[in-house]
Amino acid sequence: MALIGRLFVILFGFLAACLVAGIIVVGTVLFPEFSDFAGGVIDPDALNILLGFGFIFLSGFALLPATIVVLITEAFYIRSVLAYAIGGGIVGLACYLGLIPFDPDTLRFDGIVRRHLEIMTGAGIVAGLVYWLIAGRNAGAWREPRRPLRPPPPLPSHSPVPPHTPSSS
């Protein structure tokens with residue numbers, strides 16, 4: 001039963017991390033002028049549509065690499081925030097490199113834009129931190145046995161005997 005609950009927590013953490021990464025990617029790639037707020041008002045409906053597409057796009061591309069990171073951290077009880085930040089950066093890097101054409105003759109990726117690479121890697125790092133906040137802090141906890149309940153403290157010697165216990169007279 002703990003495993004089923006853990007799967008829901010992992011799924012929720014993944015979706016929240018993808019939402020945050022989508023917001024970062026859409027905000028930085030499509031609106032580089034955010035650094036200058038004097039540009040005018042941004043239409044909230046257009047922003048909502050773009051964020052939705054960013055979320056769907058990132059969650060689809062990040063599913064396999066993120067699943068690998070989650071399986072490793074759950075299997076080895078890795079709960080370090082640094083491990084999730086590095087894993088998220090690797091997932092962001094893998095998502096970006098998955099979109100860039102690879103030339104097998106020269107063994108190089110063609111067309112890497114450094115700014116986009118930095119944005120995707122940074123979004124992956126932040127997504128890894130969000131995932132750690134939601135699910136990573138308790139990685140592997142579903143396999144640990146539950147702690148037994150402590151017995152209640154003894155009653156003081158001058159207290160009356162509770163009615164449901166037999167008297168020793």
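A search of the whole structure finds one cavity of 30 Å³ or more. A cavity here is a set of points, on a 1 Å grid over the protein atoms alone, where a 1.4 Å probe fits but cannot get out. The model is a predicted one, where local features need pLDDT of at least 70 and side-chain atom pairs count only at pLDDT 80 or more, while totals for chains, interfaces and linings use all residues. Residues are numbered from 1 along each chain as its sequence is written, and side-chain values use heavy atoms, with hydrogens and water left out.

The largest cavity has a volume of about 280 Å³, a volume being the space filled by probe spheres set on the points, which are joined across faces, edges and corners. Lining residues have an atom within 4 Å of a point. There are 22 of them around the largest cavity, and Ala66, Gly88, Val91, Ala127 and Gly128 are the closest to its centre. H1, H2, H3 and H4 each give two or more residues to this lining; helices are DSSP runs of H or I, at least four residues, numbered from the N terminus. By class, the lining of the largest cavity has 17 nonpolar, five polar and no charged residues. Nonpolar covers Ala, Val, Leu, Ile, Met, Phe, Trp, Tyr, Cys and Pro, charged covers Asp, Glu, Lys and Arg, and the others, Gly among them, are polar.

Next, the largest pocket. A pocket is an open set with protein on both sides within 12 Å along at least five of seven lines. The volume of the largest pocket is about 230 Å³. Its lining has 15 residues, with Val25, Val29, Phe57, Leu99 and Met120 nearest the centre. Which helix gives the most to the lining of the largest pocket? H2 does, with five residues.

Now the helix pairs. Two packed helices are described by the angle between their axes and the distance between the axes. Axes are lines fitted to C-alpha atoms over the stretch in contact, and angles run from 0 to 180 degrees between N-to-C directions.

Helix H3 (residues 81–99) packs on helix H4 (residues 114–134) at about 140 degrees, with the axes 6 Å apart. That makes H3 oblique to H4. Angles under 35 degrees count as roughly parallel, over 145 as roughly antiparallel, 65 to 115 as roughly perpendicular, and the rest as oblique. In H3, Gly88, Gly89 and Gly92 are among the residues that meet H4, where the partners include Gly124 and Gly128; contact means heavy atoms within 4.5 Å.

H1 and H4 pack at about 150 degrees, with their axes 8 Å apart. That makes H1 roughly antiparallel to H4. Their contact has 19 nonpolar, three polar and one charged residues.
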